[in-house]
Amino acid sequence: MITIYHLGVSQSDRIVWLMEELGLPYQLEWFDRAESGLAPPEYKALHPVATAPVIRDGDLVLCESQAIIEYIINRYGDGRFGVDKNQPNYPDYLYWMSFRDSLSANLMLRMFLRNASPDDPAVQRADGFSKEREERMFNHLEQRLGESEYLAGPAFTAADLINFFAFTSLPLFGGPTVDHLPNVSAYVKRVSQRPAYIKAMAIAGPEAKRPV
Ligand SMILES: N[C@@H](CCC(=O)N[C@@H](CS)C(=O)NCC(=O)O)C(=O)O
């Protein structure tokens with residue numbers, strides 16, 4: 001059975017969500033963040049980099065959301081929530097899976113810049129750079145979700161699952177909200193109503209508590 005090493009209030013909640021969507025069994029081990037906000041020493045001992053999520057499947061310890069998602073979908077999920085390479089929207093799937101990297105890296109930068117000195121020219125430059133990129137990315141999302149129900153096409157896929165944290169949880173850390181974007185807001189509302197999402201967030205979402 002797959003073990004999900006969950007770090008409190010982190011992107012590892014998406015793997016719980018994936019397992020709930022697929023109806024697969026898993027066990028959860030919960031770790032709280034250290035004072036620094038980073039993973040605690042026990043989590044870092046799991047893997048050389050150990051950013052959450054980390055999973056274990058037998059002798060395999062795997063890190064990085066995209067690798068974990070593709071591994072679980074293809075090895076245990078019959079490819080569900082992926083898009084087959086022969087489908088017309090396969091490139092869309094690849095694109096939106098990768099889009100998450102740029103989106104979350106940029107949002108992370110913006111969150112940290114918020115606490116930096118606005119008088120520092122290096123901060124001003126980085127702020128302008130990341131703000132412009134954020135606008136481009138959110139406008140692109142707004143346009144995409146105006147023409148397509150889900151990111152990779154008409155059906156919910158792992159591309160939605162991997163990007164969703166940026167819309168729901170990063171705002172809790174001071175990241176931007178999507179309230180000004182009607183298509184993105186409607187999409188967030190729609191996806192948030194999925195039973196597997198509701199269940200996963202109750203278990204491991206930002207407001208969930210470590211099981212006693
Ligand atoms: N590229 C990684 C990024 C994961 C990541 O940055 N996770 C954060 C939590 S949201 C983390 O582990 N922070 C604690 C640390 O870096 O020690 C992925 O997609 O899985």
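Which residue of β3 is the bridge partner of Tyr 5? Val 54 is that partner.

This is a predicted model, in which local features need pLDDT of at least 70, side-chain atom pairs count only at pLDDT 80 or more, and totals for chains, interfaces and linings use all residues. Residues are numbered from 1 along each chain as its sequence is written.

**Sheet**

Helices (H or I, at least four residues) and strands (E, at least two) are DSSP runs, numbered from the N terminus. Strands β1 (residues 2-7) and β3 (residues 54-57) run antiparallel and are joined by three bridges. Two strands pair if DSSP finds at least two bridges between them. The four strands form an open sheet with mixed pairing, in the order β2-β1-β3-β4. Each of β2 (26-31) and β4 (60-63) has a single partner strand and stands at an edge, so one side of each lacks a neighbour in the sheet. On average, neighbouring strands of this sheet are turned by 20° against each other, direction ignored. Helix α1 lies across β1, β2 and β3 and runs at about 145° to β1. Axes are lines fitted to C-alpha atoms, for helices over the stretch in contact, and angles run from 0 to 180 degrees between N-to-C directions.

Two residues are in contact if their C-beta atoms, placed from the backbone, lie within 7 Å.

**Helix α6**

Nine of the 11 residues of α6 (residues 158-168) are buried, so the helix is largely enclosed by the rest of the structure. Buried means that 20 or more other C-beta atoms, placed from the backbone, lie within 10 Å of the residue's own. Among the buried residues are Asp 160, Phe 164, Phe 165 and Phe 167. Their cover includes α1 (13-22), α3 (65-76), α4 (90-113) and α7 (182-192).

**Ligand shell**

The residues surrounding the ligand include Leu 7, Gln 11, Thr 51, Pro 53 and Glu 64. A residue is near a molecule if its C-beta atom, placed from the backbone, lies within 6 Å of it.

How values were computed. A residue is buried if 20 or more other C-beta atoms lie within 10 Å of its own, exposed if 12 or fewer, and partly exposed in between; C-beta atoms are placed from the backbone.
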